[in-house]
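Here is a quick tour for anyone meeting this structure for the first time. Have a look at the model, then read on.

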Amino acid sequence: ALTAALPAAVTLYVLADCTFDGSQLDFVAAQHVDAQLLVHYGGAQLEVSGPIPARLVFPRRHVNVPQLAAALAAALELQHAAELDGALHLAVLYELGYAHAMSALAAALATLVPGRVSIATVPRYYDAIGANPAAAPAGGGEAAVGGEELLIEGFRLRLPPTVTMRKCALVYVGEEDAPLDAIVLTSCAARTGSATVPELPELPVLLYTPAPPPPAAEP
């Protein structure tokens, strides 16, 4: 069906997950057929680097956006100050299956708590090696001052000009998984200071796991 919808000059190949890791893009197999574009469906490693352009297509997991927005707004209320360790801003990262809902979430939060939540974005299209845009600063320190963009395990996060990452609480939408572990280790752990590097406190991390979709009504 997909082949029929494409121009006659386009040849389509379907690859299974590579044996190494289903989240890795299989550039090797694509090169065997001289592919000009690799389209990867499903979860993926976001720090993509390969010899041909790649396009990522994520799954779409169910999430109740108004409910999630209300939960994040409630987290910023005064009675949760201890849980947030004094943070006044939330930085939101997420399991890739929820990426489709982030625009709607941003719109809802702009009404509920304007300017107090920043939602990371994920690139969907990657050029071949050498053509990618310059990498954003790593997300573990105080680099995101002045609205500068941070790169956190492939997510791109832009904070308001007066907010630094170490003054945020991080919210992860999804379940405890390997990407969350990597985010916590690289961007949320405390850092011991030195003569040239300031000491950095540990970032509070909140986990929000959306409820599964309601069962379909019986006919």
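Two parts count as being in contact when heavy atoms lie within 4.5 Å of each other. Keep in mind, too, that this is a predicted model.

With that in hand, let's start at helix 5. The buried residues of helix 5 pack against strand 3, strand 6 (149-152), strand 7 (155-158), strand 8 and strand 9. Which residues of helix 5 are buried? They are Leu180, Ile183, Ser187 and Cys188. Looking down the axis of helix 5, you'd find these buried residues within an arc of 75°, so they line one face of the helix. Turned away from that buried side is a face with the exposed residues Ala178 and Leu185.

Now for strand 8, one of the strands that helix 5 packs against. Six of the six residues of strand 8 (residues 168-173) are buried, so the strand is largely enclosed by the rest of the structure. As a rule, side chains in a regular strand alternate between the two faces of the sheet. In strand 8, both faces are covered: Cys168, Leu170 and Tyr172 are buried on one side, and Ala169, Val171 and Val173 are buried on the other.

Strand 8 also has pairing partners, namely strand 3 and strand 9. Elsewhere, strand 1 pairs with strand 2.

| Strands | Bridges | Direction |
|---|---|---|
| strand 3 (residues 89-94) and strand 8 | six | parallel |
| strand 8 and strand 9 (residues 205-208) | four | parallel |
| strand 1 and strand 2 (residues 54-57) | four | parallel |

To put some residues to these pairings, Ala91 has Leu170 in strand 8 as its bridge partner, while Val173 is partnered by Tyr208 in strand 9. Over in the other pair, Val39 stands opposite Arg55 in strand 2.

Notes. Residues numbered from 1 in each chain as written. Predicted model: local features only at pLDDT ≥ 70, side-chain atom pairs only at ≥ 80, totals over all residues. Heavy atoms only, no water. Buried < 20%, exposed > 50% of the residue type's maximum accessible area, 1.4 Å probe, protein only. Helix = DSSP H or I, 4+ residues; strand = E, 2+ residues; numbered from the N terminus. Pairing = 2+ DSSP bridges. Arc of directions from axis to C-beta.
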